Amino acid sequence: MKIAVEGCMHGDLDNVYKTLQYLERVQNTKIDLLLCCGDFQAVRNEKDLESLNVPPKYRAMNSFWKYFSGEEVAPYPTIFIGGNHEASNYLWELYYGGWAAPNIYFLGFAGVIKFGNIRIGGLSGIYNARHYHSGHFERPPYNESTIRSIYHVREYDVHKLMQVKEPIDIFLSHDWPLGITDCGDWKKLVRFKPFFEKEIQERTLGSKAAAELLEKLKPPYWFSAHLHCKFAARVQHGEGGPVTNFLALDKCLPRRKFLQIIEIESEVGPYEIQYDEEWLAITRRFNSLFPLTMDRTNFRSLHLDMQDCRQWVRTRLQERGGKPFDFARTVPCYDPSKAVSNSSSHGYGRNPQTESLLRFLELPYLLDNKSESLGVSKSPLSVVHRGSFDHNSEDIPIDDVDELEENEDDNVDS
């Protein structure tokens with residue numbers, strides 16, 4: 001299976017897809033899947049721009065709306081996670097994951113799915129200690145504070161991913177795992193990005209949550225973006241243990257290293273996106289603890305009985321099949337022939353995909369519940385236990401794609 005991996009999309013789907021089609025022609029190859037590591041910007045209309053935390057000069061419709069409307073169809077199955085520059089109101093509709101457009105799948109705030117026999121996991125957002133132990137208290141429309149905190153990673157979602165026991169083949173995070181620079185050529189990195197050196201020395205560059213997941217899951221491949229540069233590393237998990245090939249990629253701009261191809265052993269295609277049984281069982285088991293306020297989740301109140309939950313989900317999937325529920329267009333799409341769309345008059349509704357998934361799992365819909373109390377957690381950050389890192393890092397042997405250079409904005413919230 002040949003998988004294309006892209007760094008920060010920033011809504012530029014047209015150019016990424018055209019680049020992949022060009023590669024297929026000149027290399028006489030077939031790409032099976034595209035993975036995007038965040039800042040996807042699934043902006044459907046002008047209202048979505050209101051939930052996009054970027055400076056006003058960068059608020060643009062870009063090209064996702066064409067794929068949402070059906071004017072264009074993604075030429076490759078596409079799976080993406082969220083970053084820190086997203087149409088957060090739309091991604092909140094799809095908190096558990098779902099089709100953002102035909103053939104374009106959002107992995108959710110945290111999630112695991114299957115593509116063929118390849119398991120792909122991901123964590124959306126970026127790490128911020130202020131909100132890590134909080135619940136998901138933000139609701140659209142967002143104010144100046146919640147438009148930023150909505151994309152901060154939460155302990156609840158990380159804890160769910162920490163329950164995964166079956167092997168993950170590929171994992172996606174927007175920001176880098178803390179300490180990953182120990183196992184790559186960090187000196188070369190700081191020659192390109194000198195302002196990273198202080199953070200590397202102080203061990204503040206990266207996500208503590210992602211580092212915990214890296215040590216727990218130990219996937220063969222881990223891809224990230226966020227810092228707008230390419231960086232490769234190899235993580236050795238204990239002496240003689242498994243190795244994780246880490247690669248961070250740039251954003252989609254000319255002459256930037258934003259796209260690479262990997263080839264991974266898999267069953268013979270055709271391939272399609274399928275629900276993951278273990279992840280659905282974890283989702284069902286932990287949904288009773290879904291945190292709706294700023295209070296910290298009390299995981300000790302949950303008595304895990306995953307075996308029964310897993311069997312229940314397995315039976316349901318055997319009855320229905322594992323294909324995700326169908327895409328549903330929930331708002332009017334941007335119309336370039338009109339100066340201003342009338343979409344701003346529409347409220348924030350429920351996404352039928354999410355409703356269908358929750359009915360399938362026999363779970364209540366919680367995403368539009370208003371928080372009744374906002375208590376601030378004062379709990380200290382948990383200690384991160386990381387495995388040893390291999391300093392003799394080598395680049396992952398996959399192909400680069402460069403184009404002509406443009407001006408870059410380093411609009412990074414880290």
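User: Which residues in helix 6 meet helix 9?

Analyst: A note on the basis: this is a predicted model, where local features need pLDDT of at least 70, side-chain atom pairs count only at pLDDT 80 or more, and totals for chains, interfaces and linings use all residues. Residues are numbered from 1 along each chain as its sequence is written, and side-chain values use heavy atoms, with hydrogens and water left out. Contact means heavy atoms within 4.5 Å. On the helix 9 side are Ala-209, Glu-212, Leu-213, Lys-216 and Leu-217; from helix 6 they meet Val-158, Leu-161 and Met-162.

User: At what angle do the axes of helix 6 and helix 9 cross?

Analyst: Axes are lines fitted to C-alpha atoms over the stretch in contact, and angles run from 0 to 180 degrees between N-to-C directions. The axes of helix 6 (residues 155-162) and helix 9 (residues 208-217) come within 10 Å. Helix 6 is roughly parallel to helix 9, a term for angles under 35 degrees. The crossing angle is roughly 5°.

User: Which residues of helix 11 are buried?

Analyst: Buried means under 20% relative accessible area and exposed over 50%, with a 1.4 Å probe and protein chains only. Exposed on the other side of helix 11 are Gln-307, Asp-308, Gln-318 and Glu-319. The buried ones are Cys-309, Arg-310, Val-313 and Leu-317.

Conventions. Helix = DSSP H or I, 4+ residues; strand = E, 2+ residues; numbered from the N terminus. Parallel < 35°, antiparallel > 145°, perpendicular 65-115°, else oblique.
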